[in-house]
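Visitor: Could you take a close look at one part of this structure for me? I'd like one connected walk through it.

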Amino acid sequence: MGSKMGKPHPFELRVRAVALVEQGNTHTEAARRLCVSIKSRSTG
């Protein structure tokens, strides 16, 4: 009976995406790494 991790909260995903881009990844690479669409990571 292991505990399952739920999906990250949308704010957490944004924070993680920004961190990846700040580390030198492109927006596309960050989105791919987080398994979200490029439009999902867009702030508008």
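Guide: Overall, the protein has three helices and zero strands, where helices (H or I, at least four residues) and strands (E, at least two) are DSSP runs numbered from the N terminus. Read along the sequence, that gives the pattern α-α-α. Keep in mind that this is a predicted model, in which local features need pLDDT of at least 70 and side-chain atom pairs count only at pLDDT 80 or more, while totals for chains, interfaces and linings use all residues. Residues are numbered from 1 along each chain as its sequence is written, and side-chain values use heavy atoms, with hydrogens and water left out.

As for pLDDT (the predictor's confidence in each residue, from 0 to 100), the protein averages 81, and 70% of its residues reach 70 or more. Confidence is highest in helix 2 (residues 27–33), with a mean of 94, and lowest in helix 3 (residues 38–41), at 63.

Now for helix 1 itself. V18 is partly exposed, with a relative accessible area of 46%; buried means under 20%, exposed over 50%, and partly exposed in between (1.4 Å probe, protein chains only). Between V18 and A30 there are 8.2 Å in space, C-alpha to C-alpha, and 12 residues in sequence. Just after helix 1, G24 takes a positive phi of about 110°.
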